[in-house]
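Me: Can you walk me through this one? I'm new to reading structures.
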Amino acid sequence: MPEFDFRAPRLFVDAELEPGAVLALERDQSNYLGNVLRLAAGDRILVFNGRNGEWQAVIAGRKRPETLTIIKQTRPQDGLPDLTYAFAPLKHARLDYMVQKAVEMGAARLQPVVTRFTQVARVNGERMRANVVEAAEQCGILTVAEVAEPVPLERFLASRDAGRLLIFCDEAAEVANPLRALEQGAAGGGIDVLIGPEGGFADEERSLLLRQKPILRLSLGPRILRADTAAVAALALVQAALGDWRGENGG
């Protein structure tokens with residue numbers, strides 16, 4: 001069987017997975033399988049819970065999908081790189097997009113950070129978590145990223161593990177080769193990637209950031225990027241230079 005089955009539908013379930021287990025479907029899951037995907041009793045899907053790997057399951061039910069019977073494991077549980085994506089929240093659809101792309105890029109933890117110029121006063125954590133699960137379902141990801149509660153920038157910086165590398169994406173930084181800069185960074189204790197709001201960081205916030213150790217101030221090029229675009233660019237660069245895109249041997 002191929003490592004990834006891109007044709008079979010995937011569903012996240014919050015239950016332990018083992019051969020022969022029978023799981024009752026929630027109403028929205030039943031609706032998704034029966035009315036959106038047009039699946040019925042006897043059809044097979046892939047399920048995962050973020051802990052026990054990926055499993056094949058068969059649908060059962062009379063008029064609509066009602067239960068899943070777990071058959072066999074198709075992939076063992078894997079992990080994500082020790083990568084936190086910290087960001088100033090955006091509004092609605094753009095936040096949805098950013099969360100989905102951060103998950104696709106392999107972020108293990110999503111940390112909303114409130115800055116002086118953050119334009120969003122409240123963050124819908126349940127909506128963020130739903131987007132995390134949807135992205136994992138669609139992209140073959142087995143580990144579900146953690147969604148943290150929003151915190152002010154000062155609190156985020158004060159509570160960070162001192163051994164983690166902070167990659168601070170700064171539109172005011174001198175334009176330089178970002179991959180070369182990243183390859184000189186040491187990330188033995190994990191990585192925090194921080195991207196600010198559309199209006200950038202305030203001067204006092206930038207000064208506070210530059211006092212953090214260890215820190216890598218990174219330019220994302222000669223053009224000003226929207227925050228959701230910057231998320232994709234920064235995480236791609238980090239994964240290529242320091243993350244799990246390098247392969248098992250790190251090269």
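Reply: Start with a term: buried means under 20% relative accessible area, exposed over 50%, and partly exposed in between (1.4 Å probe, protein chains only). Helices (H or I, at least four residues) and strands (E, at least two) are DSSP runs, numbered from the N terminus. This is a predicted model: local features need pLDDT of at least 70, side-chain atom pairs count only at pLDDT 80 or more, and totals for chains, interfaces and linings use all residues. Residues are numbered from 1 along each chain as its sequence is written, and side-chain values use heavy atoms, with hydrogens and water left out.

Me: OK, which residues are buried in helix α1?
Reply: Gln29, Ser30, Leu33 and Gly34, within residues 27-36. Seen down the axis of α1, they fall within an arc of 110° (directions from the helix axis to the C-beta atoms), so they line one face.

Me: What does the face turned away carry?
Reply: The exposed residues Arg27, Asp28 and Val36.

Me: And what covers the buried residues of α1?
Reply: The cover includes β1 (10-12), β3 (44-48), β4 (54-60) and β5 (67-75).

Me: New topic. Is glutamine 56 buried or exposed?
Reply: Buried, because its relative accessibility is 14%. Glutamine 56 is in strand β4. Leaving out residues up to four places away in sequence, glutamine 56 touches several residues, including Arg44, Leu46 and Ile71. Contact means heavy atoms within 4.5 Å.

Me: What follows α1?
Reply: Arginine 38, with a positive phi near 60°.
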